[in-house]
Amino acid sequence: MKEKITILLLIVVLTIPSISLAQANNNRIRNIFFDTLTTTGFNATPIGVDNMEFIGNKYITLDDSLIMRQVTQVVQNDIDFYADFELVPLDSFFMQVYEITSLDFLGWKRLGADILVKLEAEFPSTNLRARWYLFDTQTTQQIAKGSFEYHKMYWREIAHNISDEIVHILTGDEGIFRTKIAFVKKNNENKELFVADYDGANERKLTNNGSINISPFFSPDGKDVYFTSYVDGNPQLYKVRVENGKVNRVATFPGLIAAPAVSPDGNKIACILTKDGNSEIYVLDLNGRVIKRLTYHRAIENSPSWSPDGHSIVFSSDRTGQPQLYIMDADGLNLHRLTYKGNYNDSPVWSKLSSRITFVSRSKRGRFDIASIDTSGTDYRLLTDVGMNENPHFCPDGKHIIFSSRRYGKRNLYTMDITGRNQRRLTKSGNCSNPVWGTAVR
Amino acid sequence: MKRDIVFSLVLHALIICATLWTVPIKWRKEVTYDDIISVQLTAPSEILPTEPVLLESVEIPEPIAEEPPEIPITSPTTLEETTVTEKPKPKPKPKPKKPEQRKKKTTSEPKSSGTSQVENKEIETPGGSGSPFAGATVDNASFNYPYWFTQTFNKIATNWKNPVVYDGTIVCTIYFQVIRSGRIIEMRIEKTSGISEFDESCMRAVSGAAPFPPLPSQFRDEIIGLTLPFKHSPR
């Protein structure tokens, strides 16, 4: 009897952790499935970036030494950010144990790096001359080398240039480390446009009119930002030169002009006009004249975005009662619905390089997540799973996404890979929204 | 009343008996010890010799000395020179073959013989034989840059959307040529899988992944050709 009671008690005691263990296993299986979906056939290249060495023949100042450390950090950060790469950190514990100050190829290989970046610096006059070398740690072959020389105050640009070269040598793609982002920052009742480097550095104000400025969008060459401003009362379309902050009005219409999107060839602007009483999608030329009205529906149309070839436009519409995504030809024909999953899908953006569209999708719990879908309407994926996430926008290389999120209370800007990995915060001040990513000005 | 008291007493007695039966009371806790072994905390004055026990001989492998690279990393310029001098002399470089010539060879000569077998060099694919690209070859044996293959195959694998759901194994072999800038100049199906959708997906994977990493500057030729099998295996 006692044994029976004991066995019964044991069963009860053991069942509870078993159930929770099974639950955990279920979660694990689900995660593996998700990972399999998102990373099929892809392996990030592990890269080590060694500390920059001084190779000059005179003494080095404290400032120069600081610049060298910062250049190393920026290159490491760039490599760590890039979706195809994985930064192998310099293992200080390993070095202390073996009492060494620098690693050779074998050391880097043991740490897991396939590729090694070595940096050298000289300081001729007021300049920084940075040399970079790329090695294959398996074969110890030198893959490539190069150098940049500017005034030392441009050390950050030099570091980004080196990272761009590394990306090009290893992937064949253009680097993104000299690209810019633009976004809206709220200050009291005003909303101003700001511009910054891709990593959030060098932030500066782009507009300063004390009004409400929203919906920024870079021109394809990255030199101008189109936006909607209430500076003259009615929300109208303007553009601002990134280089000098010079603002010009592009178009004025009765009612509202919103959500401008410049076509890939840079000759047309798709936007929302309410001049006919309802929000419809129009295509304007660069002087603000209407080329064509694309939609004719009583519903609210919003957020047009061009396909990379400029032949199609994706947008959101609540014509079924809830916002869903639709694709149409650039002349408004062949309209078809793209999303059926979820009851709220909005703010679509078409990738510049792939057949993916990213957008905001509301979950059943009411949380806004960033999702992506193939242009064929298949392969729906949720990319975020925490906080309220909005305003996604693709990086020009199509491998990264920038978005705003309130996951830590304040609304800040974040970036991630298109698989949802490597999510990192760019801004800390809060009140940041509507980020867009422009190409590097050549 | 008396009956009730008697009934109550009997019931209590029964409960007490049942309790005593189910929970036997141990008046004294029995403590059992294992065999007691007496030890001395100090060493004995003399240690008696014991017969040696013969253990099975175990072969200890000699430590493989990992020779650090002889190249000093502090002077990359020296390294480049050293690397070049240390590299085994490459075989006479075959001239980049024109697509027409290659076509002739593959159509007229059997694969098991002929000079193309000597020139073609199998590539170590990341993932080994489990890789969908296992068995890939490059038609210029002096092109010995593992990182280039890793990056290129990574791009192609990322770009490949296999549309086929099939229980068997099918292989489609694509041949393509890459020039110095990393762009493709020629691409064709070398061996069809027999399923056009699968073949097309392989072609799209290669063309969509371009441009590839530029050919290394140390490599003297202007072009390389890759023969890449896309293998679909049942999951």
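**Exercise 1. Helix α5 of chain A**

Which residues of α5(A) are buried?

Solution. The structure is a predicted model, in which local features need pLDDT of at least 70 and side-chain atom pairs count only at pLDDT 80 or more, while totals for chains, interfaces and linings use all residues. Residues are numbered from 1 along each chain as its sequence is written, and chains are lettered from A and ligands numbered from 1 in the order in which they are written.

Step 1: settle the terms. Helices (H or I, at least four residues) and strands (E, at least two) are DSSP runs, numbered from the N terminus. A residue is buried if 20 or more other C-beta atoms lie within 10 Å of its own, exposed if 12 or fewer, and partly exposed in between, with C-beta atoms placed from the backbone.

Step 2: apply them. The buried residues of α5(A) are W155(A), I158(A), A159(A), H160(A), N161(A), I162(A), S163(A), I166(A), V167(A), I169(A), L170(A) and T171(A), so that 12 of the 17 residues are buried and the helix is mostly covered.

Step 3: find what covers them. In chain A these buried residues pack against β1 (45–49), α2 (62–81), β4 (115–122), β5 (127–136) and β6 (141–151), and in chain B against α5 (146–159); two residues are in contact if their C-beta atoms, placed from the backbone, lie within 7 Å.

Step 4: check the length. The expected span is 1.5 Å times one less than the number of residues, and for the 17 residues of α5(A) (residues 155–171) this should give 24 Å, which agrees with end C-alpha atoms that are 24 Å apart. After the helix comes G172(A), with a positive phi near 85°.

**Exercise 2. The nonpolar cores**

Which residues have the most contacts inside the largest nonpolar core?

Solution. Step 1: a nonpolar core is a set of buried Ala, Val, Leu, Ile, Met, Phe, Trp, Tyr and Cys residues joined through C-beta atoms within 7 Å. The largest has 68 residues, and those with the most contacts inside it are A182(A), V225(A) and C271(A).

Step 1: strand β15 (residues 268–273) of chain A gives the largest share of this core, five residues.

Step 2: leaving aside residues up to four places away in sequence, C271(A) touches L237(A), I257(A), A258(A), A259(A), P260(A), A261(A), Y282(A) and L284(A).

Step 3: a second, separate core of 65 residues includes V74(A), V75(A), F85(A) and F153(B). F153(B) belongs to helix α5 of chain B, and it is buried because 24 other C-beta atoms lie within 10 Å.

**Exercise 3. Two helices of chain B**

At what angle do α5(B) and α6(B) pack?

Solution. Step 1: α5(B) and helix α6 (residues 196–209) of chain B pack at an angle of about 125°, with their axes 8 Å apart. Axes are lines fitted to C-alpha atoms, for helices over the stretch in contact, and angles run from 0 to 180 degrees between N-to-C directions.

Step 1: angles under 35 degrees count as roughly parallel, over 145 as roughly antiparallel, 65 to 115 as roughly perpendicular and the rest as oblique, and therefore α5(B) is oblique to α6(B).

Step 2: K155(B), I156(B) and N159(B) of α5(B) make the contact with A205(B), V206(B), G208(B) and A209(B) of α6(B).

Step 3: a cis peptide bond, with omega of about 5°, joins A210(B) and P211(B), and P211(B) is found in the loop between α6 and β5 (223–232) of chain B.
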